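Welcome, and please open the structure in your viewer. We will take a short walk through it, one selection at a time.

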Amino acid sequence: MLVLYETPMGYCLFKLTDAAKLESADLYKEFETPERANKLLRLKALHRFTSTATAVEDLTAVQQGKLGKGLKKFLTEEVVEKGKGKESLVVVDPHLARSISKKLSIKVSAPSPVEDHSDLWRGIRSQVAALLDGLDPKDLATMSLGLSHSLSRFKLKFSPNKVDTMIVQAIALLDDLDKEINIYAMRVKEWYGWHFPELAKIINDNIAYAKVVRAMGFRTDAATTSFEKILPEDLEAVVKAAAEISMGTEISDSDIQHIHALCDQIIAISAYRAQLAEYLRNRMNAIAPNLTTLVGDLVGARLIAHAGSLLNLAKFPASTVQILGAEKALFRALKTKHDTPKYGIIYHASLVGQAPPKLKGKMARMVATKTALSIRVDALTDADGKSEEHAPSVGLESRSKLESRLRALEYQLDGSGVRRFADGNNKNQQRFSMKGDTQTYNTAADAVDLVPSQREPLEAAMRAVLDVKEEKRKAKEGKKAKQKAEKEEPFAETEVIADGMDVDGHPKESKKDKKRKRRESEVNGQADADQPSGEPVETEEERKAKKKARKAEKKAAEAASATVDGEAPKKKKKKSEA
């Protein structure tokens, strides 16, 4: 049985004298001393690496489970040509064992979970200096250190994720620069607006605004400053006219120096941003030409940054590429059982943006499908294939198909809309006929009131000044209204509380409730006065019965007194007799 072992010096082929000991549990005892190790293993052949580059190449292939050129030549000369192909060969890697068995037809014993031969490899590693006669352990350690450094440097240099990292960092920095430019431009407009507020109404571009402020300085110097390299002629005339009638405040020399420093920062950052955008465009064309052709360099770079690398993005299906960047909306829709989003980062692609609103979802789905194919082509194509002229052929073909499909969908949408409109009327078109009503030619319309071109900049400047005044007036009125509302709010709350509460803080009662309570209190007070203390209080029915009894007693007394006096009691006439 033969044993193949890789060292920093080269490949070693050992002869195992006793194959039965390979499966023994006491195999580690055979490597306790150099003598016992040399008795078990004998060196048959040695293949030395000619250079560090050759060593790095061969060992990189071994780590990947492939059969390198040097190892293939060594095994062919020492095993196949010498008739030792029937002997079993023990290797450390199962992938390498399959490659050797497939290409050289050698019987290879690969490690398994049951028999991993770990004691054998550990013993060879501990006694490698004794197994290789004439090898100094210090030299072997030096070779191991140098080879490990070379392997690490090779992996770092040719890492497939390194270029993706550059794209991810570039697009992240591009977004940060955009934010910084916007923040600085807003600060410049607010700061310089105290001196020349009308300029912000005239110039909308942030970079042009910063360049104009840097070139002009004080607004009084606008008449003598030339803006021909920054602004067109008509806009330059408007700026100069507005500077003469501006209502801004005066600022000092130190103020304008700090404003100029901030403008220099904006101009420098914008120039670097343009360089970074060009660098990103070149990188995307070199790494993902099909993806760049289909969706653009910025959208493609954001997709790669969101996925982490081009290879990770190639593993995503088209449905994931479609909603990449809209994860929050997706999970919120799934949680609330609403409609899921139709697009994410891919919405910013030109093919989706130029589609009508009704077709954006369908177009995003088709673009995501073609984008997934283009990404896989870019990720699995080698560097030489990407540098050829026909590299972006898949992207160009997909883009042309999508554009033709979009035109067909727009035509169907327009045609169906026309048919629906015609079907809804159900009326025949009236026949055209000439009518007798005619209109005379209006000669007064030929008279055109020509305005001199010198007045146009002044009118634009006046409009800017009036706009600034109107904004200040509205802001002042809003501030006054707010202060007035804050003053009236405590009184309104006090009135509301006073309307609903009495002096003691209890809710107010209506007049009917007050009268009812007053009557009950009077009746109860009278009853309490008639009732002696210590006796139970009479009820309402008892009081009514006593009152009737008193009236009856009074009438009986009156009747008795009338009889004693000789007068008969008068009887009331009935209503019928009356």
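**The whole chain**

Keep everything displayed for a moment, and bear in mind that this is a predicted model. Show the chain as a cartoon: the protein chain holds 24 helices and five strands. Now colour by burial if your viewer can do that; of the 578 residues in the protein chain, 32% are buried. Contacts also reach across the sequence: among those between residues at least 6 apart, 64% join residues at least 24 apart.

**First stop: Ser99**

Select residues 94-104, which form helix H4, and pick out Ser99 within this helix. Is Ser99 buried or exposed? Its relative accessibility is 16%, below the 20% cut-off, so Ser99 counts as buried. Next, show the residues around Ser99: leaving out neighbours within four places in sequence, Ser99 is in contact with Gly65, Lys66 and Leu67. Zoom in on Gly65, whose backbone oxygen is 2.8 Å from a polar atom of the Ser99 side chain.

**Second stop: helices H10 and H12**

Select residues 206-216 for H10 and residues 253-287 for H12. These two helices pack at an angle of about 140°, and their axes are 9 Å apart. That angle makes H10 oblique to H12. Turn the view and you can follow H10 as it passes H12 in a left-handed crossing.

Which residues meet here? On the H10 side, show Ile207, Ala210, Lys211, Val213 and Arg214. On the H12 side, their partners are Ile259, His260, Cys263, Asp264, Ile266, Ile267 and Ser270. Coloured by class, this contact has seven nonpolar, two polar and three charged residues.

Move on to helix H19, residues 360-380, and select Lys360. With a relative accessible area of 12%, under the 20% cut-off, Lys360 is buried.

What does Lys360 touch? Not counting residues up to four places away in sequence, Lys360 touches Tyr343, Tyr347, Val352, Gly353 and Ala355.

The side chain reaches the backbone oxygen of Gly353 at 3.2 Å. The side chain of Lys360 also reaches the backbone oxygen of Ala355, at 3.2 Å.

Key
Residues are numbered from 1 along each chain as its sequence is written. This is a predicted model: local features need pLDDT of at least 70, side-chain atom pairs count only at pLDDT 80 or more; totals for chains, interfaces and linings use all residues. Side-chain values use heavy atoms; hydrogens and water are left out. Axes are lines fitted to C-alpha atoms, for helices over the stretch in contact, and angles run from 0 to 180 degrees between N-to-C directions. Helices (H or I, at least four residues) and strands (E, at least two) are DSSP runs, numbered from the N terminus. Angles under 35 degrees count as roughly parallel, over 145 as roughly antiparallel, 65 to 115 as roughly perpendicular and the rest as oblique. A crossing is left-handed if the near helix is turned anticlockwise from the far one by less than a right angle, and right-handed if clockwise. Contact means heavy atoms within 4.5 Å. Ala, Val, Leu, Ile, Met, Phe, Trp, Tyr, Cys and Pro count as nonpolar, Asp, Glu, Lys and Arg as charged, and the others, Gly among them, as polar. Buried means under 20% relative accessible area, exposed over 50%, partly exposed in between (1.4 Å probe, protein chains only). A polar contact is a pair of N or O atoms within 3.5 Å; within protein, one must be able to donate a hydrogen and the other to accept it, and residues adjacent in sequence count only if both atoms are side-chain atoms.
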